[in-house]
Amino acid sequence: MSNNLNNIYSVELTQTQFDKLSKFIYDEYGIKLPPVKKIMLQSRLHKRLKELNFKTFEEYLTYVFSPNGMDKEVVHMMDVVSTNKTDFFREPAHFEYISEVLLPKFKTTHSFSNPVKIWSSASSSGEEAYTIAMVLSEFLSCNASYDYSILGTDISTKVLKMAINAVYDMERVKDMPMTLKKKYLLRSKDAEKPKVRIVPELRKKVQFQRLNLMDKTYAVDSYFDIIFCRNVLIYLDK
Ligand SMILES: C[S@@+](CC[C@H](N)C(=O)[O-])C[C@H]1O[C@@H](n2cnc3c(N)ncnc32)[C@H](O)[C@@H]1O
C-alpha cells in the first residue's frame, strides 16, 4: 500500500465531526447513527475521502456542508451510509399473504385499464420489487385478468442503479424455486462469474426513482394498493 493510501486509512473522524454528520443524517434522512457507529462511519467515509482526494475529514466536512457539496456529495455520502441488506423472497410470509389474500380481492376492483399499483418504498437493489413482480405474474398467469405496476424507491443511488440494471450474482437466487428461475431469470454465459438478469417482461413492470422517505411530500402517485415499508421504518423515528 502506498504512503498516500496509508495516510488516508489512518485519518480519524473526531467526535465533533461525527456528531455534526450524524445530526445532519438523522435530521435529513431519519437514519440514526448512535456513538457506537463512529468507527463504521469513519471507515465507510474513507472511500469518499480517497475518491475526492481529501487528506482530512475537516476538508471533507467543509465540502459536504458547502452548497456544492450539498448538491453533489450528499448523494454519495448516503450511498455509503445506508444499510442495503435485502433478498429475493425475504420474509416469504408477506408474499404468501399478498398472493392468497390481497390479489384475489383485486379481481373485482382492478382491470387492464385500472392496474394494481404497488410501491416498494425502500427497494434497495431491487430484489423486493422483482419478487413482487414474480408473485403478481404467477398469480395473474392463471387466476385473474388485471394489470399491475410497481414503483421502487430508495435514497441510495448506488442501489437504485443496481435495481435498474437487474443483474444479480447467481448465488443471490440459489434458494429461489427452479420453476421461477426458469421463467423469470436469464443466465449469463460467463461460467466464471455466473450472473442472472431479470427477464424484460418483468423489468418493464417495475420503475425505480430516488426518494427520501423523510421528505414532506413525495413525487410519486398519491394512490397505491399496497405499500411495502419493510426493514426501513425500524431506522426512522417519524
Ligand atoms: C435494509 S434495506 C431493506 C430493503 C427491502 N425493503 C427489504 O426489506 O429487503 C433498507 C433500505 O432503506 C433505505 N433507506 C434508508 N433510509 C431511507 C430514507 N430516509 N428514504 C428512503 N430510503 C431509505 C436504504 O438505502 C436501504 O436500501
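Predicted model: local features only at pLDDT ≥ 70, side-chain atom pairs only at ≥ 80, totals over all residues.

Student: Why are strand 4 and strand 5 called paired?

Tutor: Pairing takes at least two bridges between two strands. Strand 4 and strand 5 have three bridges, so they count as paired. Within that region, Leu 186 stands opposite Arg 197 in strand 5.

Student: What is the strand order in the open sheet?

Tutor: The order is 3-5-4, three strands with antiparallel pairing.

Student: What makes strand 3 (167–169) and strand 4 (185–187) edge strands?

Tutor: Each has a single partner strand, so one side of each lacks a neighbour in the sheet. Neighbouring strands here are turned by 35 degrees against each other on average, direction ignored.

Student: Now Arg 44, in helix 3 (residues 38–52). Why is Arg 44 called partly exposed?

Tutor: Count the other C-beta atoms within 10 Å: Arg 44 has 15. Buried needs 20 or more, and exposed means 12 or fewer. The count of 15 falls in between, so Arg 44 is partly exposed.

Student: Which residues does Arg 44 touch, leaving out those up to four places away in sequence?

Tutor: Val 80 and Val 81. As for Asp 79, it is 35 residues from Arg 44 in sequence, and their C-alpha atoms are 9.7 Å apart.

Student: How much of the whole protein chain counts as buried?

Tutor: 26% of its 238 residues. The chain has ten helices and seven strands.

Conventions: Residues numbered from 1 in each chain as written. Helix = DSSP H or I, 4+ residues; strand = E, 2+ residues; numbered from the N terminus. Contact = placed C-beta atoms within 7 Å. Axes fitted to C-alpha atoms, helices over the stretch in contact; angles between N-to-C directions.
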